[in-house]
Amino acid sequence: MSVINCHQCSTRLCLHDSAPPPRPPSKTSLPPPPSIFSPRHSSSYAFWVQKLSLPSSMTTMKVPFISSPKPPSALPFDLSPPPIDHDQLETLMVAGAKLSEDGIIETFDNNDEALDAVNNGVVVVDLSHFGQIRVTGEDRIQFLHNQSTANFECLQEGQGCDTVFVTPTARTIDIAHAWIMRNAIMLVVSPMTSGSITEMLRKYIFFADKVEIEDITKQVCLFVLVGPKSNQVMVDLNLGDLVGQPYGSHKHYTVNGMPVTVAVGNIISEEGFSLLMSPAAAGFVWKTLLSQGAIPMSSKAWETLRVFQGRPAPGKELTNEYNVLEAGLWNAISLSKGCYKGQETISRLITYDGIKQRLWGIHLSSPVEPGSPITVDAKKVGKLTSYTAGRNESEHFGLGYIKRKAASLGDTVIVGDNVVGTVVEVPFLARQRPPSKSSNS
C-alpha cells in the first residue's frame, strides 16, 4: 500500500498498489490503461493526490509521486525528450490519423462525425502545432501589459485572458490566449505567427527590462476539448473543480508524475477545456480522453469549426488590412489601462466612431473563393476572408468584412460573380462586448 501525505492539509491518502491491466489487443476492444490526475499546488510547489474515476472493470494503479518540489526558477513543464513508446504521432496514426509533412493531423476520415459531436457530444483536438510562447522575468506582467491590448495588471496567478497583438496603428497580428502562472505567462498563438511574435516581443525588450521570451512550441503538447459533454469528461476525470470557473482559469496537475496544465476555454470558445502537457504525457492523456468518449477531430474539421464559430485567424481575418475593432475583438481590449501599442488609434476610432467595417458570418448559396468581393447593388462593400463547407458538404459558409452602412444582420449580399449570401451573426463575435470606459478590465 502506498501512503502519501498531502502537503496542503497533512491528510494521509492510502492507495492500494496493483499492476495495471494488460494492454488491449486492439484499439477498439478495451479502454486504454487508467490514468491518474494529481493536482499540483503551485504556490508551494507541493503535490497532492486525487484518484481518477475509472470504470469498475479497471483496477487502481499505483500513484506516481514527485517527492521533491521544483525550484522557483524551473520550467513548469518536463521538457525532456519523450520516451519512444510515448510518441504522440505514432499514437495518432494508430488511431487512424493522416498526417501532413509537418506532422499536423489533416484528417481522421471522420469529419462529419466530429462536427456532429461538437453540438451533441465532445471532441478532442490536437493543437500541438499552435505556437506556445513562454514569457518569464520580473517585468513580464508590465511588459505584456504594454505590448498587447489586454489589462495584465489586474490578473492573478491561475487566471487567463485573450489579448491581441497589433501594430502601432492597431492593425491586427494575432489573438493570443494567456495563462498567468506563478513564474511565467504562457501565450497560445496561431501556428503561423509564433515565430514572428517571438521576434517582435524580443525586439521591444530594453536593456533594463527583466524579461525573457522563449518559443517552446516543440517542447509541449496542447489538446482542447469542445462540446456540451466536455464538462462531464472533466468530472469523470476528477477535474470537476474547473467546471463553471471563469474563462482562462487554470490549474496544474500531474499524470503519472508528468505535468499537465488544464484550463477553461478552448481558443474558439469560452466553453470546453485546454490541456497543456509535456510530450511524454501526451499519448497517455490522449488515450484517456478517447476512453471517456471524446471523438478525435482533425485540423481540417477544426478549420471548418473555426469558420462556423467566427474566430478570426491570421492571414485571413487578422491582417494589416483590418484593425482590431473592425475584427470585433472587444473582450480582449482594455480602454482604461495606460499606454500600450496601438492605444492611440484604438481610442481615436472609438471617440470619433471611426469603425468603417466589421466582420460577419455569411451563409452562402454555393462554394466561393476567399478574397472574392462582396457587393450590394453592384457596388463593392467588402471582401470574403474565409470559406468552408459544412457537414456532408451541403452547407456553405464564410466570413467577411462588410462596410457598416452597406449591410448588416439578415441582409442579402452577392459574393464573387453570382453567389448569394445572407449576413449572419457568429458565436465567437456575438460574445464580444465593448468594455465600459470605467471598467478596469
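**Salt bridges, a buried histidine and an open sheet**

Lys 383 forms a salt bridge with Glu 321, their closest N and O atoms lying 3.0 Å apart, where a salt bridge is taken as a side-chain nitrogen of Lys or Arg within 4 Å of a carboxyl oxygen of Asp or Glu. This pair links distant parts of the chain, with Lys 383 in strand β20 (residues 379–389) and Glu 321 in the loop between α7 and α8 (343–351), 62 residues apart; helices (H or I, at least four residues) and strands (E, at least two) are DSSP runs numbered from the N terminus. The model is predicted, and local features therefore need pLDDT of at least 70 and side-chain atom pairs count only at pLDDT 80 or more, whereas totals for chains, interfaces and linings use all residues. Residues are numbered from 1 along each chain as its sequence is written, and side-chain values use heavy atoms, with hydrogens and water left out.

Lys 383 is partly exposed, with a relative accessible area of 22%, and Glu 321, at 44%, is likewise partly exposed; buried means under 20% relative accessible area, exposed over 50%, and partly exposed in between (1.4 Å probe, protein chains only). By the salt-bridge rule, the count comes to eleven. One of them joins the side chains of Arg 404 and Asp 353, with an N to O distance of 3.0 Å. Here too the pair links distant parts of the chain, 51 residues apart, as Arg 404 lies in the loop between β21 (396–403) and β22 (412–415) and Asp 353 in the loop between α8 and β18 (357–364). Arg 404 is partly exposed, its relative accessible area being 40%.

A further salt bridge, at 2.9 Å from N to O, is formed by the side chains of Glu 303 and Arg 306. Both residues lie in helix α7 (residues 299–309), three residues apart, about one turn of the helix. Glu 303 is partly exposed at 25% relative accessible area, while Arg 306, at 5%, counts as buried. Glu 303 and Arg 306 also belong, with Lys 316 and Glu 317, to a network of salt bridges.

In strand β21, His 396 is buried, with a relative accessibility of 14%. The His 396 side chain makes a polar contact of 2.6 Å with the side chain of Tyr 387, a polar contact being a pair of N or O atoms within 3.5 Å; within protein, one must be able to donate a hydrogen and the other to accept it, and residues adjacent in sequence count only if both atoms are side-chain atoms. Leaving aside residues up to four places away in sequence, His 396 touches several residues, among them Ile 362, His 363, Leu 364, Pro 367 and Thr 388, with contact meaning heavy atoms within 4.5 Å.

Five strands form an open sheet with antiparallel pairing, in the order β9-β10-β11-β8-β12; two strands pair if DSSP finds at least two bridges between them. The edge strands, each pairing on one side only, are β9 (160–166) and β12 (212–215). Neighbouring strands of the sheet are turned by 25 degrees against each other on average, direction ignored. Strand β9 is joined to the antiparallel β10 (residues 172–180) by seven bridges, and Val 166 stands opposite Thr 172 in β10. Helix α3 (residues 140–147) packs on the sheet, touching β8 (131–136), β9, β10, β11 (185–189) and β12, and its direction makes about 30 degrees with that of β11; axes are lines fitted to C-alpha atoms, for helices over the stretch in contact, and angles run from 0 to 180 degrees between N-to-C directions.
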